[in-house]
Amino acid sequence: MLREARTPKVHDWLVNYVVKKNPHAEELRRAWSADPDPVVASAGWALTTERVARQPEGLDLVGLLDVVEAQMKQDG
């Protein structure tokens, strides 16, 4: 469903109101964050921000910041 939701509003709605409440959100977060499709990867990052805000235990926060910094250098 995520790959078919190409309209930004639909994509955001699906991630925020369906996926975030799904018991498989963590599994999807990990899979989508590594996806080569930037739209799918953005869903992974949306789930990651939710996880950092609500349940950061067990996350490599320094590693996440390193990834963000590296991607900013690539895109910047």
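This is a predicted model: local features need pLDDT of at least 70, side-chain atom pairs count only at pLDDT 80 or more; totals for chains, interfaces and linings use all residues.
Figure 1. R54 counts as exposed, at 67% relative accessibility. Because R54 and E50 lie four residues apart in helix α3, about one helical turn separates the two. Side chains of opposite charge can pair when their charged atoms come close.

**Figure 2. Close-up of the salt bridge between R30 and E26 in helix α2.** The two side chains meet at 3.3 Å, N to O. Both residues belong to helix α2 and are four residues apart, which amounts to about one turn of the helix. R30 is exposed, its relative accessible area being 52%. E26, at 25% relative accessibility, counts as partly exposed.

**Figure 3. Close-up of the salt-bridge network formed by E26, R29, R30 and R51.** Salt bridges link these four residues into a network. R51 is located in helix α3, whereas E26 and R30 lie in helix α2. R51 counts as buried, because its relative accessibility of 15% falls under the 20% limit for that class. By contrast, R30 is classed as exposed and E26 as partly exposed.

**Figure 4. Close-up of the surroundings of R51.** When residues up to four places away in sequence are left out, R51 touches E26, R29, P56, E57, G58 and L59. Two of these contacts, E26 and R29, also belong to the salt-bridge network that includes R51.

**Figure 5. Close-up of the salt bridge between R3 and D35.** The side chains of R3 and D35 meet at 2.5 Å, N to O. This pair links distant parts of the chain, its members being 32 residues apart. R3 is in the segment before α1 (8-17), and D35 is in the loop between α2 (25-33) and α3 (38-54). D35 is buried, with a relative accessible area of 16%, while R3 is partly exposed, with a value of 48%.

**Figure 6. Setting of the close-up views within the whole protein.** The protein has four helices and zero strands, and its elements run α-α-α-α from the N terminus on. The radius of gyration is 13 Å, close to the 11 Å that the globule rule gives for 76 residues, so the protein is as compact as a globular protein of that length. Along the principal axes, the C-alpha trace spans about 30 × 30 × 15 Å. Of the 76 residues, 26% count as buried, R51 and D35 among them. Among contacts with a separation of 6 or more, 38% are between residues 24 or more positions apart. The protein exposes about 5,600 Å², of which carbon and sulfur atoms supply 58%.

**Figure 7. Charged side chains of the protein.** There are 10 positive and 12 negative side chains, and the centres of the two sets lie 5 Å apart.

Note on methods
Residues are numbered from 1 along each chain as its sequence is written. Side-chain values use heavy atoms; hydrogens and water are left out. Buried means under 20% relative accessible area, exposed over 50%, partly exposed in between (1.4 Å probe, protein chains only). The radius of gyration is taken over C-alpha atoms; the globule rule is 2.2 Å times the number of residues to the power 0.38. Contact means heavy atoms within 4.5 Å. Accessible areas come from the Shrake-Rupley method with a 1.4 Å probe; for residues, only the protein chains shown count as cover. Lys and Arg count as positive and Asp and Glu as negative; His and the chain ends are not counted. The place of a charge is taken as NZ of Lys, CZ of Arg, CG of Asp or CD of Glu.
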